[in-house]
Amino acid sequence: MLDFQKRAVQQDLKVAAAIEHRRQIEEARKKRIFNPRIRKIGVDKEFLDKQVEERKRLQDLEKEQECRLDQALVRNSQLAILLQRQQDEERRKLNKEINAFRQEYQKPQLRRDFDLYDPNLLKRSKPPRHPDNDDNLGLASAQKFEGEDTNLENRRREQKEQMQSWIVQQVRERRLAEHEMKEAERSYQEVTLARDRRALELDHMERECRRRLSQATASFNKALADEQEARKRCRAAQDLEDARAEIYNHVTGDFLTEAPEQAISTRGPGKPIASRYKGMSAAEIKVFRDEQARQMQQIQLMRQEENVKNEEWNRLMNSNARTAESYQRDLDRKRAELNKKIAEENLKLAQEQKSKQEYLNRHVYKDKLTPDFYAQFNTSTR
């Protein structure tokens, strides 16, 4: 038996290596050409995965924003409860001070007319004629009798004068107490009014902040909607251009042969023979690759612009964290309108695609092919 490796020369090894290289290229071409997902649809799975991840990230940002709004609402509620507690505590302290003042300076024993209704008055009173009688005299001395009153006129006059002085002093003290009470009420009203004015100022500031935030949000949403609309139009034009490029690539693809000279026609360089067309040249492929690179750069720039706008939006939301429920309802309404517009646009695109497919089926693909035509494909990449 002959040993081929020992007897093979250098030229034979080169030929074998070239054959093996062509075989590997053929297998790689089969994987690309026989894969209907890439050959017919042309979907960029990596780009779609990135879009899914980006949408997920946006949803996470929206959830985080809702959490911050809920926390701000809880803080506002706690602040309102704290202010109400402080007001109740001030009112309780004021009532306590008033009661302490009454117990300290307005006791019944300190009143001028307390002796008129003193329950122990008779126990502390002296006999009628005590000033001009001896205290050592008893009841049997006949010096004083029950019901006798020798100094009635003077005593009544003195009682009237004392009563008038008491009344004047009571009126003065009552006026002074009323004045002090009015001063205390005036001070309490001033404190209450100052607190109410501060609350009104804070409420006005909060309303102004909400109004400015709503205006900024509305302008940003309008700009974002305009940008999305322009992006949709660009994407539609790009899709149309990609569809035309895909049709052109299918028509002028390199899956039949690699010799473009056989497709030269007598009708001109721009009208090759379809049955002999062998694919694009290196220059055409380079133009196509350059166009793809430019599209990728454009997509990257658009993505960077969107990231910059998202960062500006996040900074705006962080600086204006105290938003209201009205803003959230407005945002939900605008989001619903935007989804409605997107759905209408998708429906319009679907109708256009359907009409385009009907036109292709009616005019372009009107000639029916026999099974023998399809049997000659998928046997090799050549």
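**Note on the predicted model**

1. E54 lies in helix 4, residues 45–105, where helices (H or I, at least four residues) and strands (E, at least two) are DSSP runs numbered from the N terminus. This is a predicted model, in which local features need pLDDT of at least 70 and side-chain atom pairs count only at pLDDT 80 or more, while totals for chains, interfaces and linings use all residues. Residues are numbered from 1 along each chain as its sequence is written, and side-chain values use heavy atoms, with hydrogens and water left out.

2. Is E54 buried or exposed, and which side chain of opposite charge is nearest? E54 is buried and has no salt bridge, the nearest side chain of opposite charge being that of R57 at 4.2 Å. Here buried means under 20% relative accessible area, exposed over 50%, and partly exposed in between, with a 1.4 Å probe and protein chains only; a salt bridge requires a side-chain nitrogen of Lys or Arg within 4 Å of a carboxyl oxygen of Asp or Glu. As to charge, Lys and Arg count as positive and Asp and Glu as negative, whereas His and the chain ends are not counted. Once neighbours within four places in sequence are set aside, E54 is in contact (heavy atoms within 4.5 Å) with R303 and E306.

3. On the overall fold, the protein has 9 helices and 0 strands. Of its 382 residues, 10% count as buried. Among contacts between residues at least 6 apart in sequence, 69% join residues at least 24 apart. The protein exposes about 32100 Å², of which carbon and sulfur atoms supply 54%; accessible areas come from the Shrake-Rupley method with a 1.4 Å probe, and for residues only the protein chains shown count as cover.

4. The structure holds 0 disulfides, a disulfide being a pair of cysteine sulfur atoms within 2.5 Å. C209 is partly exposed at 28% relative accessibility, and C234 is also partly exposed, at 46%.

5. A nonpolar surface patch is formed by L116, Y117, M163, I167 and V171, which together have about 440 Å² of accessible area. Patches are made of residues with over 30% relative accessible area and no salt bridge, like charges being joined within 9 Å and nonpolar side chains (Val, Leu, Ile, Met, Phe, Trp, Tyr) within 5 Å.

6. How many salt bridges does a search of the whole structure find? The search finds 22, including one between R23 and E20, whose closest N and O atoms are 2.2 Å apart. R23 and E20 are 3 residues apart in helix 2 (residues 10–33) and are therefore separated by about one helical turn. R23 is partly exposed at 43%, as is E20 at 33%.

7. In helix 7 (residues 282–319), K286 and D290 are 4 residues apart, so about one helical turn separates them, and their side chains meet in a salt bridge of 3.1 Å, N to O. K286 is exposed, at 52% relative accessible area, whereas D290 is partly exposed at 41%.

8. E291 and R294 form a salt bridge with closest N and O atoms 2.3 Å apart; they are 3 residues apart in helix 7, and so about one helical turn from each other. Salt bridges that share partners also join E227, R231, E306 and K309 into one network.
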